[in-house]
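Have your viewer open and try each task before reading on.

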Amino acid sequence: MRRSHVRTWVDSKPNRKMDPIKLHIRPPPRSSNLFFKAKSFKSSFLSIFLASFFTLIAVLSCYFFLKNGDSLDYRTRYSIIIDGGSTGTRIHVFACRNKGGTPVFDFGDGAMKVNPGLSAHAEDPGGAGESLEELLEFGKRRVPRKLWGETEIRLMATAGMRLLDSEIQDMILESCREVLRNSGFKFRDDWASVITGSDEGLYAWIIANYASGTLGGDPRETTGIFELGGASAQVTFFSNEPVPAEFSRTVKFGNTTYSIYSHSFLHFGQNAALEALRESLVSVDNQPASESHEKRRFVDPCTPRGYSHDMESRGHSPGSMEKSKFLSRLHSSGNFSECRSAASMLIQKGKEKCSYQQCNIGSTFTPKLQGKFLATENFFYTSKFFGLGPRAYLSDLILAGEHFCGEDWSTLKKKHHSYDSDDLMRYCFSSAYVVALLHDGLGIALEDERIGYANQIGNIPLDWALGAFILQSTAAFEAQNPDWITAIISDDPPTLISLIAIAILLMFSAWFISKWKKPELKTVYDLEKGRYIVTHVGRS
C-alpha cells in the first residue's frame, strides 16, 4: 500500500474568532512624502510672500497718503502776486485746486491797481511800502481768513524799478518787505524782488499759450508775444534756430520742453520812448551850433496841432531837467509820417554796434520771427482806441494814425471828451510808434495775418502775473504730488526705515502665528479601504 506523503496541518489551538482589522501606522512611500512636503512648502512660501507684499504695500500707502494728505485734497488754495509796474502797482488774487491729480486754476478772484508805481517813490522809499496797504486789504477780502497763513504773497517789480539804481531799488523793496512781513500772509524776504525782463516776457508767453490751449503741445503751434509796457517792450517766441545763451530760455510744461527766445527792450516802452523822443528833439546835437536854444522853436510831430505843452506838470527822467525847459517851447505839428520817422530813428539807434548776425532793435539780437503772434498791453490799447479789430493789419493802423495826428486838438477833445487830455494826445505817438516798432523794427509786413491784438482770450486776461502763477503753482504741484514710489523713496529716511521695520515685524509675527495654529498631520494606511489617509494629530 502506497504511503501518502501528504501532510495535514492541524491547529493545535482551539478555534477562535478573527481579530478585528487594525489600522497600522505606516509612513508613506518616500516619493509620496517628498511630494507632500514640496507642495506644502511651496504653498506656505507663496502665502507668506503674498501676505508680506500686501502688508508692506498697505503700510507704505497709508504712510504716503497720511504724509501727503494735504496735497491730495480738493481744497482751494490761494496765491497773491503784486505786479510792481512802471505806471502803477496791481494786486492779483489767484486760486488753484487739485482735480484728479491735475491743477485747476481760477483767475477770477480779482485784481486791483493803485497809482503811481513803486518807482515813483525813488525820493521817498518809505512811501512805497505804505502804497501796498490798500492792496493788502483788497487781498484779505478775497482770501478766507483761515487760509491767510498758508497763502503765499509775492511782489514782482518790473521795468520801472529796473530803471533805478540798485541802491534805490533795495530801499524801496525793503520798505515793501516790512509791510508784507506783517500782512498775515505767508511771505519770505526773497519773494519781493525786481524780476528780469526775460522773466516778464516768459510769463506773458506762458499765459498766452495756456489761454490758447497750446501750452504742453507742439512748440511750432505756440503763439509768440509782443508786449508793450510803459518802460519796456518784451518779445518772446519759440525759435528753432540757435539763440545766444543770454536770450535763450528753456521751459518744460507736461512732457514738452520749449526753447524760447525772450528779451525785454528796456527804455522802449511806450512812455519811456515818448520821453526819449522829446528829449532828442531838443538835443544840442540836433541843433545848429550858431542858433541859440532860447530863440529856437522845436517841432513836435507826435502831438496833434493845437496842443499846448505844460512842462510843469510833466515828469522827467534823471538828468533831463536841463533839457526840460526847452520842451515848453515845443510846437505841436501833428504829422504821422514825421513822427514815425523819428520813432524809427530811436529804434535803430546803436544798431551799428550790433555784434550778432541780426539786430532789429538797436544792437540787440533778434532771431527770425516764427509762427503767429499776439500783441498785448499798449499794442492792444492803441488798436482798440482806433476801433480796429483783433486781426487788423498794420496798414489799417497807419490810416487811422494819419487821420488822428492830422486833426486839430480842439476837435479831438470834443470827439473824445471822456478821455484825459494827457492820455488822448499820446495816441498820435502810439500809433506811429507801434508801426515803427513792429514793421520798421521787427520786420512784420503791413498786411501780415500772423499778428493779432488782444489783452484777453476768453475770460483769461493776458497778464504776465498769471503766467508767473501758473509756472510757480505747477512746479509746486509736481513737487507735492510725485508718483507714490518716488514719494516713498525720497521721503524722510528715519521715519521710512522705522515703518519698513514695523512692517517686517508684523509679517513674521503673522507667519509664526499661522505656524502655531497649523495642526500636525500624519499619514496612515487604512487596510479596510486599502489606501493611505491623512489624519490630524493633537498637540501634546
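**Exercise 1. How many aromatic pairs does a search of the whole structure find, and what is the geometry of the pair F107 and F469?**

Step 1. The search of the whole structure gives 29 aromatic pairs. Rings of Phe, Tyr and Trp (its six-membered ring) pair if their centres lie within 6.5 Å; planes under 30 degrees apart count as stacked, over 60 as edge-to-face and the rest as tilted.

Step 2. For F107 and F469 the centres are 6.3 Å apart and the planes make 85°, an edge-to-face pair.

Step 3. Helices (H or I, at least four residues) and strands (E, at least two) are DSSP runs, numbered from the N terminus.

Step 4. F107 and F469 are both buried. Buried means under 20% relative accessible area, exposed over 50%, and partly exposed in between (1.4 Å probe, protein chains only).

A note on the source: this is a predicted model, in which local features need pLDDT of at least 70 and side-chain atom pairs count only at pLDDT 80 or more, while totals for chains, interfaces and linings use all residues. Residues are numbered from 1 along each chain as its sequence is written, and side-chain values use heavy atoms, with hydrogens and water left out.

**Exercise 2. Why is the pair of F386 and F404 edge-to-face, and which parts does the pair tie together?**

Step 1. The ring centres of F386 and F404 are 5.7 Å apart and the planes stand at 85°, so the pair is edge-to-face.

Step 2. F386 belongs to the loop between α11 (378-385) and α12 (394-406), and F404 to helix α12, so the pair ties together parts that are 18 residues apart in sequence.

Step 3. Both F386 and F404 are buried.

Step 4. One aromatic cluster is formed by F226, F237, F247, Y261, Y356, F365 and F373. Elsewhere, the charged end of R154 sits over the ring of W191, 4.2 Å from its centre; the criterion is NZ of Lys or CZ of Arg within 6 Å of the ring centre and within 35 degrees of the ring normal.

**Exercise 3. In which order do the 6 strands of the open sheet come, and which strands stand at the edges?**

Step 1. The order is β9-β10-β8-β7-β15-β16, with mixed pairing. Two strands pair if DSSP finds at least two bridges between them.

Step 2. At the edges are β9 (248-253) and β16 (451-453); each has a single partner strand, so one side of each is left without a neighbour in the sheet.

Step 3. From one strand to the next, the twist averages 25°. For such angles, axes are lines fitted to C-alpha atoms, for helices over the stretch in contact, and angles run from 0 to 180 degrees between N-to-C directions.

Step 4. Strands β8 (residues 232-238) and β10 (residues 256-266) run antiparallel and are joined by 7 bridges. In this pairing, S232 stands opposite L266 in β10.

**Exercise 4. What span should helix α6 have, and what covers its buried residues?**

Step 1. The expected span is 1.5 Å times one less than the number of residues. For the 16 residues of α6 (residues 166-181) this should give 22 Å, and the end C-alpha atoms are 22 Å apart, which agrees.

Step 2. The buried residues of α6 are Q169, I172, L173, S175, C176, R177, V179 and L180.

Step 3. Their cover includes β1 (77-84), α3 (126-130), α4 (133-142), β5 (152-157), α5 (159-162) and β6 (192-194), where contact means heavy atoms within 4.5 Å.

Step 4. In β5, 5 of its 6 residues are buried. β5 pairs in the parallel sense with β1 over 6 bridges and with β6 in the parallel sense over 3 bridges. D83 stands opposite M156 in β5, and the bridge partner of L155 is A192 in β6.

**Exercise 5. Where are H267 and E377 found, and what is the phi of H267 and of E377?**

Step 1. H267 is in the loop between β10 and α8 (270-281). Its phi is near 80°, a positive value in a residue other than glycine.

Step 2. E377 is in strand β15 (residues 372-377). Although E377 is not a glycine, its phi is positive, about 55°.

Step 3. H267 is partly exposed, with a relative accessible area of 48%, and E377 is partly exposed, with 22%.
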